[in-house]
Amino acid sequence: MSLNAYYADLHIHIGRTEAGQAVKISAANNLTFYNIAREASARKGMDVVGIIDCHSPGVQAEMLHYLDKGDMEELKEGGIRYHQTTILLGCELEVRDPGMKAAHLIAYFPALSDMQAFTAWLRKHMKNVQLSSQRLYVPARELQREVIDRGGLLVPAHIFTPHKSVYGSCCARLNELLDPDGIAAVELGLSADTTMAAHIGELDRYTFLTNSDAHSLPKIGREYNKLQLAEPTFTEFRQALEGLNGRRVLANYGLNPRLGKYHRTYCGSCESIIDERGESVVERCIYCGSTKIVRGVMDRILAIADRETPLAPTGRPPYIYQVPLEYIPGLGPKTLAKLLDRFGTEMNMLHRTSYQELAEAAGESIAGYLLAARTGELELETGGGGKYGKVKTE
């Protein structure tokens with residue numbers, strides 16, 4: 001069987017159900033299961049998406065509705081098919097073991113029936129199973145074993161972010177929270193890349209994923225992965241994470257970490273982002289002396305690193321800096337709509353369309369920015385303290 005490349009964004013939230021039930025409180029109301037599938041297929045050009053709130057009973061009712069109508073199809077090897085896109089069923093949960101702060105973990109399951117059975121188990125251990133990213137009142141290792149025994153995959157989410165992540169707020173080593181042998185992959189998060197993660201030796205054994213963690217439809221695909229699979233299914237995805245039978249992650253496409261909103265340490269007193277030219281671990285603001293700081297991802301990694309310089313294992317896929325279209329100066333909604341009408345999807349624009357074609361459709365300035373975005377040559381202002389970085393225009 002031949003292997004092909006597929007683009008996959010594996011962390012997308014649902015804001016509400018079509019009936020108006022809240023799911024992810026901080027996500028957009030129009031971020032429904034169906035709208036995500038339609039946006040990913042028709043506009044973004046994503047071959048695979050992971051919808052992370054499929055444990056919610058209200059969401060499951062909608063999934064059954066579209067399956068019964070024949071608008072979607074459940075695949076024998078796992079996942080739900082909608083037009084050009086396969087949906088993998090995920091669930092993000094919050095754990096907080098004794099003596100630790102919170103961390104978010106993602107569980108992926110092959111079939112809707114598997115997720116429904118998992119929901120029945122979750123009901124016994126959380127306050128509101130309808131909502132996303134809820135606190136689970138069991139030890140992290142118990143959750144991990146439950147997911148694995150049910151045929152699922154466990155992936156620590158956005159592992160370096162300052163709030164609610166394994167390294168960012170919970171612990172310095174994975175085995176303090178989880179069984180390292182039961183981790184299917186790790187998700188880097190928006191403020192980290194492969195080189196930064198390579199400061200930590202225990203991560204060498206794991207496949208890296210980079211995903212959007214989208215809380216609105218436009219954010220889908222701001223980070224994504226290129227997978228080599230025979231077909232886009234859960235079974236193939238599992239093999240890619242394990243590197244089996246030629247299936248693998250070919251590349252991670254993500255924001256330059258400097259665009260991430262938690263890249264560098266931020267001072268809450270004078271609202272400064274700590275000068276990124278300094279690579280020391282920051283304990284207080286270098287501008288005003290305050291200790292009221294939110295430690296950035298880079299600084300946290302340096303604090304827990306077991307290597308002075310990053311060392312990536314042989315065969316680690318490249319991390320390719322990709323500036324999302326919303327960051328491109330001058331690329332407003334009307335121009336973007338015109339480009340999509342001509343080229344079909346965002347993946348076509350980002351990967352398959354020539355400079356000449358882009359210039360004809362949108363002008364040389366925007367075409368130049370898009371080309372520079374492909375090659376990682378855009379100049380950036382650094383993000384921190386919950387504020388995203390941005391592209392410099394001068």
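Tyr 321 comes out as partly exposed, at 28% relative accessibility. For that term the cut-offs are these: buried is under 20% relative accessible area, exposed is over 50%, and partly exposed is in between, with a 1.4 Å probe and protein chains only. This is a predicted model, in which local features need pLDDT of at least 70 and side-chain atom pairs count only at pLDDT 80 or more, while totals for chains, interfaces and linings use all residues. Residues are numbered from 1 along each chain as its sequence is written, and side-chain values use heavy atoms, with hydrogens and water left out.

Rings of Phe, Tyr and Trp (the six-membered ring for Trp) pair if their centres lie within 6.5 Å; planes under 30 degrees apart count as stacked, over 60 as edge-to-face, and the rest as tilted. Take Phe 118 and Trp 121: the ring centres are 5.7 Å apart and the planes are at 20 degrees, so this pair is stacked. Both residues sit in helix H3, residues 112–123, and at 3 residues apart they are separated by about one helical turn. Phe 118 and Trp 121 are both buried. The rings of Tyr 319 and Tyr 321 have their centres 5.8 Å apart and their planes at 70 degrees, so that pair is edge-to-face. Tyr 319 is buried, with a relative accessible area of 14%.

There is also an aromatic cluster, formed by Tyr 7, Tyr 224 and Tyr 253. Where do the strands come in? Helices (H or I, at least four residues) and strands (E, at least two) are DSSP runs, numbered from the N terminus, and two strands pair if DSSP finds at least two bridges between them. Strand E10, residues 224–229, pairs with E1 in the antiparallel sense over 5 bridges. E10 also pairs with strand E11, residues 248–254, again antiparallel and over 5 bridges. Tyr 7 stands opposite Lys 226 in E10, and Tyr 224 stands opposite Tyr 253 in E11. A salt bridge here is a side-chain nitrogen of Lys or Arg within 4 Å of a carboxyl oxygen of Asp or Glu, and the structure holds 12 of them. In one, the side chains of Glu 346 and Lys 44 meet at 3.1 Å, N to O. Glu 346 lies in helix H10 (residues 346–351) and Lys 44 in helix H1 (residues 33–44), so this pair ties together parts that are 302 residues apart in sequence. Glu 346 is buried, at a relative accessible area of 8%, and Lys 44 is buried too, at 3%. Both belong to a network of salt bridges that links Glu 39, Arg 43, Lys 44 and Glu 346.

How many of the 12 residues of H1 are buried? The count is 9, so H1 is largely enclosed by the rest of the structure. Among the buried residues of H1 are Phe 33, Tyr 34, Glu 39 and Lys 44. Contact means heavy atoms within 4.5 Å, and the buried residues of H1 pack against strand E1 (4–12), strand E2 (48–51), helix H2 (57–69), strand E4 (80–82), strand E5 (85–95) and H10. Just after H1, Gly 45 takes a positive phi of about 80 degrees.

Two other salt bridges. Asp 181 and Arg 205 form one, with the closest N and O atoms 2.7 Å apart. Asp 181 lies in the loop between helix H5 (166–170) and strand E8 (186–187), and Arg 205 in the loop between helix H6 (194–197) and strand E9 (208–209), so the pair ties together parts 24 residues apart in sequence. Asp 181 is exposed, with a relative accessible area of 62%, and Arg 205 is exposed at 52%. Asp 71 forms a salt bridge with Lys 69, at 3.2 Å between the closest N and O atoms. Asp 71 is partly exposed, at 31%, whereas Lys 69 is exposed, at 51%.

Last, Ser 56, in the loop between E2 and H2. Ser 56 is buried, with a relative accessible area of 0%. Leaving out residues up to four places away in sequence, Ser 56 touches Val 23, Val 129 and Gln 130. A polar atom of the Ser 56 side chain lies 2.9 Å from the backbone oxygen of Gln 130. That is a polar contact, meaning a pair of N or O atoms within 3.5 Å; within protein, one must be able to donate a hydrogen and the other to accept it, and residues adjacent in sequence count only if both atoms are side-chain atoms.
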